[in-house]
Amino acid sequence: MIVQISAGQGPSECQLAVAKLFEALNKEFEDFEILSERKGYEKGCLDSIRFQTGHDLSSLEGTVLWICQSPFRKNHKRKNWYVDVSIIPDLTEIAADDEYRIEKFHSGGKGGQNVNKVETGVRIIHLPTGLTAQSTEERSQFQNKRKAMEKLQEKLAGLHQEQKADQVNAAWREHNRIVRGNPVRVYEGEKFVLKRPNTAVLAEGEDASGDYICMRRNK
């Protein structure tokens, strides 16, 4: 599973929350492999980070809230900093050797009588994607098989590039989307302590300008 943590358009405090959340989750699940990251404005901050994990983190998809006085602006009233956790689609595996079906058939057209009498034409189907390539222009089955495989590999390479582009686009869309309210997790303080579910609820909403959100504790 590929996961992205992003500050979106948030300030340095949100970027610090990204770094702290990644560190906290990495300690919790212990198998993260970093795929890419974008540094924040301040040292130790991350604008976004993408990583791969063998764990199912789909329950963490959504908004994570960090409640803390700004470490960069001492007199700033805002104490609520949001980051986004998104699941990014994985690239489909497209090159396993045991996932091809090879079909042989009689070729027509040029090539003399041998082409029409012997199954020299070759069609190769990549079963996971349904992509197909064939060759009939060569005289031998071996040559046609090789040429058909070359054509299929070109198609698979093109599909891989399309998938990579889709993955990057999905990551960029998620980077700019942060939905405030109803966070899936809440952390508090400079030590980034995870609060138990339902220990804090939003008493007031936050508008687009990023005004201070009041919090109240459940008794």
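Rings of Phe, Tyr and Trp (its six-membered ring) are taken as a pair if their centres lie within 6.5 Å; planes under 30 degrees apart count as stacked, over 60 as edge-to-face and the rest as tilted. The structure is a predicted model, in which local features need pLDDT of at least 70 and side-chain atom pairs count only at pLDDT 80 or more, while totals for chains, interfaces and linings use all residues. Residues are numbered from 1 along each chain as its sequence is written, and side-chain values use heavy atoms, with hydrogens and water left out.

Six aromatic pairs are found in a search of the whole structure. The rings of F29 and F32 are stacked, because their centres are 6.3 Å apart and their planes stand at 20°. F32 is buried (under 20% relative accessible area; exposed is over 50%, partly exposed in between, with a 1.4 Å probe and protein chains only), as its relative accessible area is 13%. F29 also counts as buried, at 18% relative accessibility.

F32 and F51 form a stacked pair too, since the ring centres are 4.1 Å apart and the planes are at 25°. F32 lies in the loop between helix 1 (12-29) and strand 2 (33-39) and F51 in strand 3 (residues 46-52), so the pair ties together parts that are 19 residues apart in sequence. Helices (H or I, at least four residues) and strands (E, at least two) are DSSP runs, numbered from the N terminus. One aromatic cluster is formed by F22, F29, F32 and F51.

The loop between helix 1 and strand 2 also holds E30, which has a positive phi of about 65° although it is not a glycine. E30 counts as exposed, at 66% relative accessibility.
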